Every structure is written in structure tokens, then in C-alpha cells.
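Trainee: I have a new model open and would like to learn how to read it. Could we go through it together, one feature at a time?

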Amino acid sequence: MNKEIYITDYNCVTPLGFDVESNWKTLLEGKSGVALHKVIDSHEAFFVSKIDSEKLEEEFRKLFYSAQSDNQNFTRLEKMFLLSLKPLVERYQISDETAFILSTTKGNISLLKNENTLPEGVYLSKLAQKLADFLGFKTKPIVVSNACVSGVMAISVAKNMIQAGKFKDAFVVAGDEISEFVISGFNSFQAIESEPCKPYDKNRNGINLGEATASVYITSELNQNEKFKFKVLGDSAINDANHISGPSRTGDGLFASIQNAMKEAKVSSEQIDFISAHGTATLYNDEMEAIAFNRMNLQNVPLNSMKGFYGHCLGASGLLESIISMESALKNTLIPSKNFKEMGVSQDLNIIKENQPAEIKYILKTASGFGGCNAAIVLEKNV
């Protein structure tokens with residue numbers, strides 16, 4: 001029999017706040033981090049969700065000011081990672097059997113901007129090792145970098161490696177930052193919305209990019225001091241190999257991922273209380289998701305996308321949105337899918353339009369990304 005795997009703590013650093021409490025308060029107020037920012041000198045401003053760099057520096061100096069951290073010369077993204085991880089590392093002991101898992105799509109890509117050679121810090125393995133060494137991890141770091149499903153897959157990797165006996169517990173951290181490279185890439189696809197994004201809406205026309213870091217602690221060994229625990233009941237990742245950037249029109253990969261995760265979790269469509277969907281606000285992604293959810297008979301389950309609040313945070317999005325989902329379950333409150341007004345997909349969905357009370361026990365979290373990758377996890381609230 002497989003070990004039961006639990007998420008017992010989490011934290012996040014986003015444009016809406018530097019901890020979960022401040023993020024939740026801002027979400028309840030309906031405020032978004034998406035705003036106009038000048039990212040590329042040769043372009044006009046883009047709507048993105050970007051952390052205030054001065055506040056980031058101030059918070060980092062407050063929590064990490066020491067000769068050791070000063071000498072490390074951390075990048076902006078590395079500071080975001082460390083701020084997210086610090087509260088968790090302080091509350092849980094790191095042992096020889098503790099995994100450190102890093103989820104990111106681009107890592108320190110900004111280091112390339114003014115370099116003619118590849119600096120060491122741009123390699124994801126070096127980034128992970130630098131963070132692990134500074135925080136005192138004893139095992140070799142694991143990097144999960146699979147486009148926009150990375151954050152959800154990192155939870156799956158932790159779950160499966162603990163169940164396989166490779167580790168007893170794991171710290172998972174996910175993050176990406178806004179950069180000229182990322183903006184230029186998505187802009188070349190003509191995928192960036194010229195206004196705040198509108199997931200599932202009839203007038204949606206593209207994404208807003210965002211940046212954040214998020215962290216969770218995952219374990220098979222509970223103690224009496226846990227404030228909450230969410231069991232990771234099931235997980236799955238399927239690649240439908242549809243296209244290098246375009247999602248499957250039939251939703252095959254996402255459908256199979258959800259089906260597998262729910263089968264492992266032994267949870268029916270009727271038992272799912274809430275879906276935290278990917279919802280990028282691109283024409284084909286949202287339509288594909290609607291098809292997949294309907295194929296699983298999940299069209300009546302309350303659903304939201306957090307992209308209207310945070311933008312698309314790439315490797316951080318799946319983990320950040322999982323955290324907000326768990327906070328919703330603890331607070332018995334569903335957060336709306338911001339900027340949604342009129343149904344813009346061909347299949348029925350139960351899009352959340354305003355803050356509303358709800359009893360949430362079973363959560364389905366999904367993600368999809370470039371290259372045909374899709375992932376899903378089922379979480380169960382245990383309090």
C-alpha cells in the first residue's frame with residue numbers, strides 16, 4: 001500500500017503580497033497585480049503582473065541581511081525563491097532524506113541579456129544547487145522544467161519519490177520572472193493581450209505574463225503541530241504531442257491526465273468540489289480545457305482561472321494556483337475568475353463570477369503547456 005502524502009505548509013511571493021495571508025486579503029478585495037509595465041526598451045508597455053523590485057530588495061535585506069547572503073550575490077529571481085522558502089525551512093527540519101525540488105521554465109534567463117558567454121547561473125542545475133547549498137539541503141536538487149505544467153508536476157514528482165522510498169519529505173519551490181526574453185517569445189506568437197486578460201470570456205484574446213515564487217512542504221510523516229493538511233490523492237501527466245505551441249483541439253492529453261488522476265484518487269466527477277484550471281485566456285487553450293472538462297462530466301463544478309489576478313507565471317503558476325486553491329478550501333470561499341463576463345467557449349462551464357461561500361473537500365488542479373504537456377492533481381482537505 002502506498003504511503004499517504006500530504007502538503008502541510010506553503011508560502012508565496014507575488015505582486016499581491018509577500019506571504020499567503022496578504023495575497024488572500026488582496027484576492028478577496030478583487031485587486032489584480034496585472035498593470036502596464038515597460039519591459040522592453042524598444043516596445044511600448046505590456047500588461048504584466050510584476051513584483052515591485054524596491055519592495056523585493058527591502059524584504060530580502062530585512063530577512064537575509066548577513067555577510068553570508070551578501071557574499072552570494074543573489075539574482076533578483078533567486079531572492080524571490082529564498083523569500084518564498086524561508087518560512088517553510090524555518091518550520092521544518094532538513095534531513096539526509098529531504099528532497100529539494102525546483103520548478104522553473106526559464107530560471108536566470110535575465111543573466112543572458114548583457115553576456116556574450118553563458119554565465120554559470122543560467123544553468124538550471126546550478127541555480128538549484130546554489131539555493132540548496134545556501135539553505136542547507138543535503139541531497140542533490142531535482143529540477144522540474146516542463147513548460148507551464150512544471151509547478152503541478154513538481155508536486156507529482158515529490159509525491160511519487162516519497163512513495164517510492166527515495167525521500168521522507170520534500171520542499172518544492174517554483175518560480176519565474178518577467179524578462180525581455182519571455183515577453184519577446186510570447187509576443188512573436190501574437191499571444192499577448194493588449195488589455196488585462198479574460199479567461200474563458202467571449203472577448204478574450206491572449207495572455208498577460210506574470211512573475212511569482214511559491215513553495216510547499218510535502219511529507220508522509222505528520223505531527224501534532226500541523227495547522228492543516230491536504231492529501232495528494234492522485235496525479236497524472238500526459239503529453240498529447242499535438243504541436244510545439246498549440247494545444248490539442250480535442251483536449252485528449254488534458255482529458256487523460258484528469259481521468260488518470262481521479263482514478264488514482266478514487267474520486268468521481270460528482271465529488272469534485274472545485275477546479276483550479278489553467279485558463280490562459282488564449283482562444284485555443286480555454287476551448288480545449290472546456291472540451292476536456294465536459295468529457296469528464298465536470299462542467300457543473302465551480303471553476304476559476306487565477307490568470308486575471310496574477311497573469312501567467314509560467315513555472316510558478318501551477319504551484320501558486322494550487323496554494324490559492326488550498327487556501328480557498330481552508331477559508332470555505334471560492335474566488336472568481338477575474339474579468340470573465342460572457343461565456344466564450346463552446347462547452348458549458350461553471351465559471352465563478354464573485355466571491356462565494358462553499359464547502360470544499362476535493363480539489364482538481366490542472367495545467368497545460370507548450371509541446372502538448374498536460375498535468376492534473378487531486379487534493380483532499382483533511383482538517
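Mentor: Gladly! Let's begin with helices and strands: these are DSSP runs, numbered from the N terminus, with helices being H or I runs of at least four residues and strands being E runs of at least two. This is a predicted model, where local features need pLDDT of at least 70, side-chain atom pairs count only at pLDDT 80 or more, and totals for chains, interfaces and linings use all residues. Residues are numbered from 1 along each chain as its sequence is written, and side-chain values use heavy atoms, with hydrogens and water left out.

Trainee: How many helices and strands are in the protein chain?

Mentor: The protein chain holds eleven helices and 16 strands. Its radius of gyration, taken over C-alpha atoms, is 19 Å, close to the 21 Å from the globule rule (2.2 Å times the number of residues to the power 0.38) for 383 residues, so the chain is as compact as a globular protein of that length. The C-alpha trace spans about 55 × 55 × 40 Å along its principal axes.

Trainee: Which elements each supply at least two residues of the lining of the second largest pocket?

Mentor: First, the idea. On a 1 Å grid over the protein atoms alone, a pocket is an open set of points with protein on both sides within 12 Å along at least five of seven lines, while a cavity is a set where a 1.4 Å probe fits but cannot get out; lining residues have an atom within 4 Å of a point. Here the elements are β1 (6-13), α1 (20-28), α2 (53-64) and α4 (76-91). α4 gives the largest share, five residues. The volume of this pocket is about 330 Å³, where grid points are joined across faces, edges and corners and a volume is the space filled by probe spheres set on the points. Of its 17 lining residues, Y10, N11, D19, V20 and R91 are the closest to its centre.

Trainee: What about the largest cavity: how much space lies in it?

Mentor: About 30 Å³. Its lining is made of F274, S276, N304, M306, E321, I324, S325, S328 and I335. Helix α11 gives the most, with four residues. By type, the lining has four nonpolar, four polar and one charged residue, with Ala, Val, Leu, Ile, Met, Phe, Trp, Tyr, Cys and Pro counted as nonpolar, Asp, Glu, Lys and Arg as charged, and the others, Gly among them, as polar.

Trainee: Is G175 buried or exposed?

Mentor: Buried means under 20% relative accessible area, exposed over 50%, and partly exposed in between (1.4 Å probe, protein chains only). G175 has 0% relative accessibility, so it counts as buried. This residue lies in strand β6 (residues 169-176). By contrast, A237 in strand β9 (residues 229-239) is partly exposed at 42%.

Trainee: Which residues is A237 in contact with, leaving aside its neighbours within four places in sequence?

Mentor: Contact means heavy atoms within 4.5 Å. With those neighbours left aside, A237 is in contact with M153, S257, N374 and A375.
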